[in-house]
Amino acid sequence: MKKFLATTLAALSLIAGQANAAEYPTKDIQGVIMWGAGGSTDTVMRSVTPHVEKLLGADVIMTNKTGGVGAIATKYVFTRKADGYTLLMGAENPQMYKVLGLAPIDYSDMIPISILARGTPIMVASNDAPYNNMQELIDYVKANPGKVKAGSTGQGGMASIVMSMLQSQVKLDTTTIPYDGDGPALTALQGGAIDIMPAVLGAAIEHVKAGRMKVIGLIDVDANPLLPNVTPITETLPGLKSMLPWGPFFGVFVKAGTPANIVSKLSDAFNAGAQTDDFKALMAQRGYTVMGISGDTAKTFLESYRSVSSWLVYDAGFAKQSPDKFGIKRPQ
Amino acid sequence: MEALSYFASSWIHPELLALTALGTFLGIYVGAIPGLSVTMAVSILISFTFSWDVNNALCLMVGIYMGGVYGGSRTAILLNIPGAPSAIATALDGYPMAQRGEAGQAIGLSTVMSVIGGFVGIIVLAVAAPTVSEFAIKFQPRDYLMLGLLGILLVGSLSGESLSKGIFAGALGILIGTVGLDPMTAEERFTFGVVELWNGINPVAVMIGMFGIAEALNQLHHLDKTAVKQKVDKIIPSWKDIKKYLPLSLQSSSIGVVVGSLPGTGGDIAALMAYDQAKRSTRNPEVPFGKGAREGLIAPEAANNAAVGGAYIPMLTLGIPGDAVTAVFIGALFIHGLNPGPMLLTEKPEMFWFTVGNLTLANIFVLIFGLTGIKLFTKIVEMPKGILIPLIFLLSIVGAYAINNSIADIWWMLGFGVLGYFMKLYGYQVGPVILGVILSRLIDENWRRAIMSERGEIDSLFVNLFASPLSVTLFCIICLVFISQTPIWTRWLKPRLIRS
């Protein structure tokens with residue numbers, strides 16, 4: 001009797017499991033945000049999700065699971081079932097985990113649901129700094145080695161990769177001071193504790209508009225409508241063309257092995273959410289570029305980011321592992 | 001005139017008024033439950049209030065913030081579990097008061113002092129926001145370092161009968177605080193290859209264990225003792241008392257506003273500093289500090305609520321969060337299509353007075369809700385131990401889990417509970433441990449940033465320190481506080497000064 005019950009239950013749960021895949025979603029979905037409340041990843045996810053909930057007809061319960069540059073959330077989602085009920089809501093960080101030795105997994109071990117938006121890196125400087133563009137900064141640093149204090153968000157963070165990009169073209173002797181994120185670093189810039197900071201446009205734009213700091217470089221190949229007077233860095237350092245455009249991004253991911261129909265249902269919902277007027281207006285206002293891509297397009301984008309960044313940090317000497325070890329190709 | 005109409009808008013619209021009241025009420029309970037933080041509640045509300053009008057959403061969130069910071073004192077007084085790190089100092093004297101049968105008076109006094117502190121914060125925000133925020137962002141890494149060192153000197157106030165045991169406990173706290181990825185280089189420290197340790201040991205888990213569980217275990221020694229009958233008359237402090245303690249609460253509130261307005265420090269450090277300042281400046285407390293001194297309850301409560309107004313100062317004027325909650329507020333404003341930043345007050349000047357008015361309203365609700373139902377709460381302390389102790393365990397476990405939805409935090413919490421119990425048994429205070437945990441990161445990061453800015457040269461650190469008036473002032477304060485705790489001062493200088 002017991003055995004019969006057990007088999008029946010097992011069979012039932014199997015059927016139920018299949019039914020779930022077809023009728024997904026039948027229960028609340030968990031969204032795991034890898035950065036803290038109030039940060040840019042958090043804000044992007046919390047502003048797109050209400051649209052997605054409407055389209056999916058289910059609640060997405062979001063929790064912030066911070067730590068280990070997002071590795072704790074990434075690993076957590078990886079331990080869950082590949083059933084589409086646990087989403088990883090993250091930023092670009094996992095793409096560096098392998099070379100930095102932070103985790104054995106990155107986004108290539110997951111399925112991208114949607115890359116929602118990407119940010120443009122810029123270089124900001126304090127108002128009283130004696131340089132106004134990248135060339136003047138380079139000249140000044142060469143004339144005053146060690147004088148310029150550059151803010152950073154830790155090795156492997158966006159600021160460190162931008163600095164490595166510059167280093168790959170021209171040797172610069174700056175003093176690096178790490179902060180807990182670009183918010184605290186931009187505060188330090190206004191207080192005079194640091195002189196320059198590579199930051200994402202969205203984080204700095206309001207301070208720039210108010211005239212509390214100045215933009216001296218745009219780390220992109222094209223000019224940006226929000227910064228009409230700043231020339232792209234490739235005009236100063238043409239060698240960077242092979243690495244750009246490059247920048248931080250926000251995306252939603254599920255564990256590899258999630259059924260294809262669930263992936264496409266989620267992708268449709270998030271991509272549609274990214275295309276709503278609300279979301280687009282929000283992103284434009286902060287200088288983020290809306291993407292809303294998934295499938296192979298997303299994979300190509302992710303791979304290009306991983307390849308550029310991994311090789312930059314490897315060449316700069318702070319990678320723990322060679323990108324070769326993971327089959328990451330050098331950017332062309 | 002226009003400012004006044006914005007100020008009053010949340011008072012005269014019934015919907016906004018009701019939402020502020022609801023938020024404050026909820027906030028008191030969110031704040032009272034250890035592990036459930038205001039930051040968490042406000043960020044959940046962001047998606048919940050997504051489709052609402054921005055003012056409605058803000059009213060609810062401001063209420064939760066104001067109520068939540070106050071609510072932390074409830075469980076600190078009744079059960080010795082601070083609802084949040086900013087209520088740690090409240091537990092030091094609030095809980096002994098409750099054990100003496102004065103839980104009602106303690107809650108009444110903490111409510112009134114919280115509200116006074118709240119008003120001081122709001123007034124400074126309204127009158128001097130631009131000046132204070134320009135001052136606050138001028139703090140360099142070396143200044144934060146000195147604030148941290150000033151905080152560490154509090155060990156002297158928290159260590160009970162033996163200073164050396166206090167220093168040991170403080171050092172243990174600092175050691176606990178260093179676990180995790182190095183904040184500067186992301187190098188692993190004391191993690192033994194365990195990923196869950198990367199983020200360090202959560203200070204809230206340490207706090208809940210060392211205060212809540214350790215006390216519950218300690219209570220097991222007194223199972224036969226019946227609980228003290230609570231005095232439930234004179235719950236609302238008399239006018240005479242308020243007048244008597246007003247200078248102290250104003251002093252503590254000013255510490256609260258300034259420390260709260262600094263982007264790198266918040267209500268927890270403000271409350272502890274105010275406690276220390278109160279202990280040092282109170283000549284003859286009726287009851288010694290640590291045994292249920294009213295001054296020891298007033299100072300942190302006024303300071304942590306004053307820090308709310310303080311935290312808003314850089315947020316509204318510069319778009320720089322003064323603490324974790326205001327960081328979430330910035331996210332909320334952004335989602336609602338506003339541009340939180342230094343331009344906010346130029347583009348939306350009404351936001352400023354609306355927030356000031358709304359904070360004032362929420363503060364009034366704190367007074368109303370805080371002073372109702374106190375008699376019912378004091379019954380908690382009178383409960384039989386057989387119910388009370390399991391209740392403390394339940395609350396501590398739920399709280400520890402809620403911090404980060406992690407089972408590991410529950411084990412940490414229980415482990416530190418047992419450690420805290422044995423420490424108490426052998427005359428070690430747990431206060432310095434949690435102080436060390438809180439300050440460890442502040443000191444670690446800023447010491448290294450300070451020395452990195454000088455490219456590793458300690459002499460130029462001192463040269464630059466003496467070139468900055470702010471740093472020199474902080475340095476002198478540290479020296480004075482330090483000397484005032486040494487035998488040179490207590491045996492030799494102080495008696496001479498008093499005689500002359």
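How many helices and strands does the secondary structure of chain A come to? In this predicted model, the secondary structure of chain A consists of eleven helices and eleven strands. The radius of gyration of chain A is 22 Å, close to the 20 Å given by the globule rule for 332 residues, so chain A is as compact as a globular protein of that length. Along the principal axes, the C-alpha atoms of chain A fill a box of roughly 85 × 45 × 35 Å. Of the 332 residues of chain A, 54% count as buried, and among the contacts in this chain between residues at least 6 apart in sequence, 74% join residues at least 24 apart.

Chain A is divided into domain 1, which comprises residues 29-119 and 247-318, and domain 2, which comprises residues 121-242; the C-alpha centres of these domains lie 26 Å apart. Contact between the domains of chain A involves 17 residues of domain 1 and 16 residues of domain 2. On the side of domain 1 that touches domain 2, helix α11 (residues 295-316) of chain A gives the most, with five residues, and by class this side has nine nonpolar, six polar and two charged residues.

The contact between chains A and B takes 39 residues from chain A and 40 residues from chain B. On the side of chain B that touches chain A, at least two residues each are supplied by α3 (38-48), α14 (324-335) and α20 (431-453) of chain B, and the largest share, six residues, comes from α14(B). By class, this side of chain B has 22 nonpolar, 15 polar and three charged residues.

Conventions: Residues numbered from 1 in each chain as written. Chains lettered and ligands numbered in written order. Predicted model: local features only at pLDDT ≥ 70, side-chain atom pairs only at ≥ 80, totals over all residues. Domains from an automatic or database assignment. Contact = placed C-beta atoms within 7 Å. Helix = DSSP H or I, 4+ residues; strand = E, 2+ residues; numbered from the N terminus. Nonpolar A, V, L, I, M, F, W, Y, C, P; charged D, E, K, R; others polar. Rg over C-alpha atoms; globule rule 2.2 N^0.38 Å. Buried ≥ 20, exposed ≤ 12 C-beta atoms within 10 Å, placed from the backbone.
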